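Trainee: Walk me through this one, please. Let's start with the open spaces.

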Amino acid sequence: MDERQRAAFWDTIRILDEARVLPYVMVIGSWAEYLYSYYFEPGFMPDIRTRDVDFLYPNIRRPAPPIQLETRMKEAGFAVDRDTLTDVVRMFKEDLLEIEFLTRQTGAGRETAMDIPAIGIRGQSLRDVNLLAQHPLPISAEGFCILVPEPSIYVLQKILIQPHRVPASKRPKDIESVRNILPYVLRSERDAERLERALKECTKKELRIIREVCKTHFIPLPFSEI
């Protein structure tokens, strides 16, 4: 990540803040790891290799009244692209960032896209993000308050989705992220306690996946639950 890309990220955060959207979205994916550098002790170094910035939208009806985010982003110099099949919107800042808004897939629904009435666009709908949405952590950075997943839950989710991660080419990077973040989680009494609590809430099937992934990739989780 170079300085231009970092500046483009903070420009995006500023736009969302001014549009009253920032309190209702969660930064997930690799850019959450970048924000963890404001949370963990000095020495944590995120490994950002992507221009994709994913914003998870847990409550698609906030803020109220709704705003037209697409218009604001265009006015700020972002290009907007709409998928011809799904109508999912992606926003681009030159060749630096690709912005996408994601929604939770709940119940028995199989929809791969969902309207987000609060911001007037359509986002991709995923089931794998549900766990992240349930565990928000506010981080203060550069004058903003930004929601990210709890680091312990971020690590756990990376492990749980490993067997079915699509595309499969992203699986090695996910394991690298786990190896990078997990030591900082375990050094923190707060974060280690949250990880242990989350493991206790896992199903037998989930625990089996966790054991298999950790064994395959030599990832130590020092808890009796697994």
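Mentor: One term before the numbers. A pocket is an open set of grid points with protein on both sides within 12 Å along at least five of seven lines. Its volume is the space filled by probe spheres set on the points. Keep in mind that this is a predicted model.

Trainee: Okay. What volume does the second largest pocket have?

Mentor: About 310 Å³.

Trainee: Which residues line the second largest pocket?

Mentor: The list is R127, D128, N130, L131, Q134, Q157, L160, I161, H164, K205, E206 and I209. Three helices each supply at least two residues of that lining: α4 (130-133), α5 and α8 (204-217).

Trainee: How do the residues of that lining divide by class?

Mentor: Into 4 nonpolar, 4 polar and 4 charged.

Trainee: Now the largest pocket. How much space lies in it?

Mentor: About 860 Å³. Its lining has 30 residues.

Trainee: Which of them lie nearest the centre of the largest pocket?

Mentor: D54, K158, R165, V166 and K170. By class, the whole lining has 9 nonpolar, 7 polar and 14 charged residues.

Trainee: What is R165 in contact with, leaving aside neighbours within four places in sequence?

Mentor: K158, K170, R171 and D174.

Trainee: New topic. At what angle do α6 and α7 pack?

Mentor: About 105°, with the axes 5 Å apart. α7 covers residues 189-200. That angle makes α6 roughly perpendicular to α7.

Trainee: Which residues make the contact?

Mentor: From α6, L182, V185, L186 and R187. From α7, E189, D191, A192 and L195. By class, that contact has 5 nonpolar, no polar and 3 charged residues.

Trainee: Take L186, then. What does it touch, not counting residues up to four places away in sequence?

Mentor: A192, L195, P220, P222 and F223. L186 has 30% relative accessibility, so it counts as partly exposed. From L186 to E196, C-alpha to C-alpha, is 9.9 Å, and they are 10 residues apart in sequence.

Trainee: Now the backbone. Which peptide bond is cis with omega near 5°?

Mentor: The one from R62 to P63. Another cis bond joins A64 and P65, with omega about 0°. Both prolines sit in one loop: P63 lies between β2 and α3 (69-75), and P65 is found in that loop as well. For context, most peptide bonds are trans.

Trainee: And phi? What is the phi of E94?

Mentor: Near 50°, a positive value in a residue other than glycine. Most residues other than glycine have a negative phi. E94 lies in the loop between β4 (89-93) and β5. At 53% relative accessibility, E94 counts as exposed.

Trainee: Last one, P23. Where does it lie?

Mentor: In the loop between α1 (3-18) and β1 (26-28). P23 is partly exposed, at 48% relative accessible area. The C-alpha atoms of P23 and T112 are separated by 24 Å, and the two are 89 residues apart along the chain.

Terms used: Residues are numbered from 1 along each chain as its sequence is written. This is a predicted model: local features need pLDDT of at least 70, side-chain atom pairs count only at pLDDT 80 or more; totals for chains, interfaces and linings use all residues. Side-chain values use heavy atoms; hydrogens and water are left out. On a 1 Å grid over the protein atoms alone, a cavity is a set of points where a 1.4 Å probe fits but cannot get out, and a pocket is an open set with protein on both sides within 12 Å along at least five of seven lines; lining residues have an atom within 4 Å of a point. Ala, Val, Leu, Ile, Met, Phe, Trp, Tyr, Cys and Pro count as nonpolar, Asp, Glu, Lys and Arg as charged, and the others, Gly among them, as polar. Helices (H or I, at least four residues) and strands (E, at least two) are DSSP runs, numbered from the N terminus. Buried means under 20% relative accessible area, exposed over 50%, partly exposed in between (1.4 Å probe, protein chains only). Axes are lines fitted to C-alpha atoms, for helices over the stretch in contact, and angles run from 0 to 180 degrees between N-to-C directions. Angles under 35 degrees count as roughly parallel, over 145 as roughly antiparallel, 65 to 115 as roughly perpendicular and the rest as oblique. Contact means heavy atoms within 4.5 Å.
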